[in-house]
Amino acid sequence: MHKISEVEFSLLSPAQIRKLSVVEITRPELYDADGYPVEHGIVDSRMGVVDPGVTCRTCGYRLGECMGHFGHIELVKPVIHPVLAPKIYLLLQATCQKCGRVLAPSDVKGLSNCAKNAEKECPFCGTKQEKIKFDKPTSFFLGKKELSAEEIRKWLEKITDEDLERLKFRGGRPEWMIITILPVPPMTMRPSIILETGERSEDDLTHKLVDIVRINERLKRILEIGGPDFLIKDIIELLQYHVSTYINNELANIPPARHRSGRPLKTLAQRLIGKEGRFRFNLTGKRVNFSARSVISPDNFISINEVGVPEVVAKTLTVPEVVTEDNIKEMKKLILNADKYPGANYIVRTDGLRKRITNETKKMIAEEIIPGYIVERHMQDGDWVIFNRQPSLHRMSMMGCKARIMPDKTFRLHLCTTTPYNADFDGDEMNLHIPQTEEARVEVKYLMDTNKHIRTPRYGLPIIGAKHDHLMGIYFLTKDNVKLSKKEVANLLMVTDIDVELDKDMYTGKEVFSFLLPKINFNGKTKTGEEVIIKDGILLKGYIDENSIGAEKGELLSKIELLYGGDEAARFLENLTKLSLSFLMTNAYSISLEDYYLDLEDQKKIEKVVSEEIDNYIKMPSDETQLKLEQLPKEVEKIVKLKLSKNSSARIAAEIGARGSLISVSQIIGCIGQEKLKGKKITRGYYGRTLPHFKRKEINPAAYGFVKNGYKKGISPIEFFFDAMHGREGLSDTALKTRQSGYLERRLVNCLHDIKVAKDLTVRDEKNRIIQFTPFENNINPYRASKGRIEVEDLL
Amino acid sequence: MEEIKQRFDKYCEEHKITGEKKKELERRVEEVIKKSKFEPGEALGIVTTQSISEPATQMTMRAYHFAASAGIRMASGLPRLIEVFDLRKNIENITTVYLLENSKENAEKIATEIVESKLGNVISDINYDISNLQVIVDLDKNSLEKLYLTPENIINTVKKFVHKYKANLVRNKIYFDNVKSYSEFRVLKQKLINMHIKGVKGVNEAVILNTNGEWILQVRGGSFKKILSLDGVDSTRTITTDIEEIKNVLGIEAARQALINEVKKTLEEQGVDVDSRYIGLVADVMCVDGDLEAISRYGVMKHKKSVLARLNFEETIKVLFNAAVLNKKDELNTLIANLIVGQVTPIGTGTVKLRWKL
């Protein structure tokens, strides 16, 4: 295949336009009475086919094969190119009105520099220069006299090629910026569509071209019969307007051309620009085949790097497999299965011909195949696929998985992989892509594999890890004084792939957990600061919580990944989650209002702290006392931490990192605290007060959004109102935030995407400039090292 | 690498690891070092972008927050992050001033040196005596004392500032002779009230804080250069949030570090965990030319050579026609350009070719 090495940009010359053109357009009509395109009309059939069954008069190809051909319009009077008008202005400023030489001193180079430094008198012919005025978008004045496009063209023709080089005007002759001949785009670029009513609806460009041809022809006629000057001037102006809006319909100072319905027309420039334009939508946003999308649901019994694929999907999406001596038997079997899973949909012969496998043809095809044929077989267990959830914010949003064909119609994924995808199961949908070439499959397997992305490059800790119930179960299993009989242990280990001999009658929970561990040493802390000690793969002290194995935190998991690799870490995690959930099922966990219960005495204590702070503030309102008020939930949290029962389910969940936080618990039990808007206490509302229930300039914090009650006790209507204000701010915040951070990301990626580690291990950009001599200062990839550092202790 | 080896030796010494065990451990350390090196072709720029912008979606929109011990308002969260990458000019820059002498009194004194005072702040009255065509300005002695100023100081600055009328100081009053009309008086009054007498122009607020036993000042607005040059200010530690100012005063290396510090601080406040070397890379890109360049179409993007990459970003029409007039060529070195023409992008596995045709 040939490689494109360069893309060049320049102006199109009238001669080139004529050469490209297959027909001159002179008639403003589209179709004749019989519904056929008019000869020399705007939809002349020589410009390409857009209807099925018609062959192109120029190239003889049919719909889909004919790329279309340009036509052209000879403008009776030239017009100015609206987008290039500023460049014309610079050229006029930079050159002499009489001889067309550059006015600036000979050491000045570049278009805008020469325009800025132009002399008042021509250094070559001595003509005094009059001032040039540019009236946006397309009018030019020399002194008081308006310049016609013809005059400007004559002026620009005078500029010599040497001067153009000095002006760095290299894209062609400047007079080409004055349009004398207008290219008419092929029909394939502006197809007309047939509505259900049988009417034809033309493209916006066609509409605009009709206007141009109509005015052009009218101008031709009036010039022939010698019409009055003012009329001619008016019509030229109209022609200029139509050509201007044809090229860009969003020019400043002129009204956009509109469709009959009042909608502004989408003309040439509008097709290119913006998010829905050609560049961002079609050229950088590629669409693919061999993809599927469905609702996701959880499955704890598949691997981390597996995805459950519905059979319907597996039967539609195929994997091309080359027939060889070794696999011809299996391939024949697949072909004979045809549309029965596992089967095959197509074969591709060595000469490139595709044949569909149906129940009728399957026997014939199975006989036909020889090594070298390609069988497009159904997706099967173990095929590598790419699994993705939008928004794809980081590379872990697209990971490689092994397919596992399943009944029903949802994609199934392992619960631990919800964090990198940011997925939940309230109706989320995800996408699946099946790589079609060997290179792609290899990249998916060796680079994108989910097991290789357990550690995030962002901060070097596992992003795939245990969550919610997994943590709950493993806590109840590994906390002190859990005793399990041999039978119980056997039942638990049954769900895992651990193969051990049980030679004791009783086991502790810690011992059971230790079965999962590889030979590893680990010293860590739980979330509450208790010690966790693992020696030679045996959990000796402490319990396992979020800090050890949780997603985005787990240091134990990180260590296993570091020492034994991603596959082993994934196996550990799979076993752990299965074990944890099956243990949790024998060891019920529930939560109720009782878990938020404090003794009356302690409840009073909280109330006392709250009312004390309020009194303090009322006595002396200042920044300091306000700050104390704002930090009240933290004070309440201290009391809750001290007094709430150690067996409270809410507390356990918060402390091991399974769900919630002690702050929320204390907001439920004790006091919600200061509600804020824009980071400040609430002051907006009426004049001098937030609500009509208060006096003006009241000092009581309750008047400015302080909520002294907790959710359990219930909050007053006014407090509820403030709470809702705060809640609403949060909602509008998230709505605004996504847009802002999306734009930041777009800018960052556009600025940084070419930066890569070069072959000499320096960081370079697209111009081959060195950005960093050693990647990341110390050449340690945070994706490969725990927390981006290498600690000797971690390696023991 | 050397540093890790040293730490390894130290660790072995501390834990009395020798012989076979040490060799085994050393092998392991070397293996991990080797494994954690970057590979050629790694798309560092893209990973960096993702590592910064993915957590940015979790950050708050709250534009301001108040430093813990009350006082000065600081930009924070996502808006601050955008501000830094944009190098947006923000007149509300905060300068943290460290002092040479650590005492509350000193801090208060220097605060008066920094906060801009106008004549309007120290006068109790301005009157026009029509019969004598005189303007009488009453100076407020108390507020003058607070600013460590004397009436003599004032009259000197006034004489430099007002040339049209003769100014005299009698006790605590300044007299201007020959003010001919009431309208002239009004003009003079406005001029006098806004007259700068002390402090750094543009500074409207200073808060004295005590952090870990040290008295510091936080100052909003004003020129960083002028604040640095004040007596009693520790110019080796005093720092501002305005990156552009830091570049102008302290140079590009300082600006790079300030950039990293600012972004890091903003991310940390939000409880977002990002390896700081990613921020370092962005800072490096913004500073490679020896001048600061914003992450926008006016900065880094403007200097990209690739036409296709630029027209894919913003201002498509403008870039396209400029390229046509200047006869630009895109040599297809960038990802976007190759994506647009439908070729393999030159990054990662795209940087190498496969000999074997599959």
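Predicted model: local features only at pLDDT ≥ 70, side-chain atom pairs only at ≥ 80, totals over all residues.
Residues are numbered from 1 along each chain as its sequence is written, while chains are lettered from A and ligands numbered from 1 in the order in which they are written.

**Around Thr238(B)**

Show the loop between helix H10 (224-228) and strand E12 (239-240) of chain B, and you will find Thr238(B) in it. Helices (H or I, at least four residues) and strands (E, at least two) are DSSP runs, numbered from the N terminus. Leaving aside residues up to four places away in sequence, Thr238(B) touches Thr95(B), Thr96(B), Val97(B), Tyr98(B), Ile227(B), Leu228(B) and Val233(B); contact here means C-beta atoms, placed from the backbone, within 7 Å.

**The barrel in chain A**

Next, select strands E9, E17, E10, E16, E15 and E18 of chain A, which close into a barrel in the order E9-E17-E10-E16-E15-E18 with mixed pairing. The twist averages 45 degrees from one strand to the next (axes are lines fitted to C-alpha atoms, and angles run from 0 to 180 degrees between N-to-C directions). Zoom in on E15 (384-388) and E16 (398-406) of chain A, an antiparallel pair with five bridges; strands count as paired if DSSP finds at least two bridges between them. Within this pair, look for Ile386(A) opposite Gly400(A).

**Where the chains meet**

Now colour the contact, made by 82 residues from chain A and 85 residues from chain B. On the chain A side, H26(A) gives the largest share, 14 residues. That side divides into 36 nonpolar, 19 polar and 27 charged residues (Ala, Val, Leu, Ile, Met, Phe, Trp, Tyr, Cys and Pro count as nonpolar, Asp, Glu, Lys and Arg as charged, and the others, Gly among them, as polar).

Then select E1(A) and strand E13 (329-330) of chain B, which pair in the antiparallel sense over two bridges. Val7(A) has Asp330(B) as its bridge partner there.

**Last stop: domains of chain B**

Colour domain 1 (2-35), domain 2 (117-198) and domain 3 (304-351) of chain B, whose bounds come from an automatic or database domain assignment. The centres of domain 1 and domain 3 of chain B, taken over C-alpha atoms, are 48 Å apart.

Conventions: Contact = placed C-beta atoms within 7 Å.
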